[in-house]
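Thanks for coming. I'll take one model today and go through a strand, the cores, the pocket and a loop, in that order.

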Amino acid sequence: CPYTTSGSGSSLVMSVLDAQLMKGNQTIATPAMGKQEIVEMAKDVLSSVGERDIHTGDAGEIFIVDGGGVTKARFELKLD
């Protein structure tokens, strides 16, 4: 599996990643996403988790690991 999650909202995130990245359990075929599309999708998913999971913090972090090394994207979640 080329991705993982951690934190209190992990179980909410994994099924979306399975469907969108691995194309598991999709009912409609969709094209593969590029790196930037994946990052934007992950931000949307984490934002949604922040609304549903009371234990999720105030920021999301995405780590991209590729041939060029590790890149970290950190972004603020909606504050209630």
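V65 is exposed, with 64% relative accessible area; the classes are buried under 20%, exposed over 50% and partly exposed in between, using a 1.4 Å probe and protein chains only. Before going on, the conventions: this is a predicted model, local features need pLDDT of at least 70, side-chain atom pairs count only at pLDDT 80 or more, and totals for chains, interfaces and linings use all residues. Residues are numbered from 1 along each chain as its sequence is written, and side-chain values use heavy atoms, with hydrogens and water left out.

V65 sits in strand β1. Helices (H or I, at least four residues) and strands (E, at least two) are DSSP runs, numbered from the N terminus. From V65 to S6 there are 59 residues in sequence and 16 Å in space, C-alpha to C-alpha.

What does β1 pair with? Strand β1, residues 59–66, pairs with β2, residues 69–76, in the antiparallel sense over eight bridges; pairing requires that DSSP finds at least two bridges between the strands. The two strands are joined by a hairpin through two residues. Across the pair, I62 stands opposite A73, and F63 stands opposite K72. As background, side chains in a regular strand alternate between the two faces of the sheet.

Next, the cores. A nonpolar core here is a set of buried Ala, Val, Leu, Ile, Met, Phe, Trp, Tyr and Cys residues joined through side-chain atoms within 4.5 Å. The largest has seven residues: V39, A42, I62, I64, A73, F75 and L77. Elements giving two or more residues to this core are α2, β1 and β2. V39 is in contact with I62 and I64, leaving aside its neighbours within four places in sequence; contact means heavy atoms within 4.5 Å. There is also a second, separate core of six residues, including Y3, V13, M41 and V45.

Now the pocket. The search runs on a 1 Å grid over the protein atoms alone, and a pocket is an open set of points with protein on both sides within 12 Å along at least five of seven lines; lining residues have an atom within 4 Å of a point. The largest pocket has a volume of about 910 Å³, volume being the space filled by probe spheres set on the points. Its lining has 34 residues, with T4, L17, E61, I62 and F63 nearest the centre. Elements giving two or more residues to that lining are α1 (10–20), α2 (35–52) and β1. The largest share, eight residues, comes from α2. By class, the lining has 19 nonpolar, twelve polar and three charged residues.

Last, the loop between α1 and α2, where K23 lies. Phi of K23 is near 65 degrees, a positive value in a residue other than glycine. K23 counts as partly exposed, at 29% relative accessibility. N25 is found in the loop between α1 and α2 as well, and has a positive phi of about 60 degrees although it is not a glycine. N25 is exposed, with a relative accessible area of 81%. For reference, most residues other than glycine have a negative phi.

Key:
1 Å grid on protein atoms, 1.4 Å probe; cavity = no way out; pocket = protein on both sides within 12 Å on 5 of 7 lines; lining within 4 Å. Nonpolar A, V, L, I, M, F, W, Y, C, P; charged D, E, K, R; others polar.
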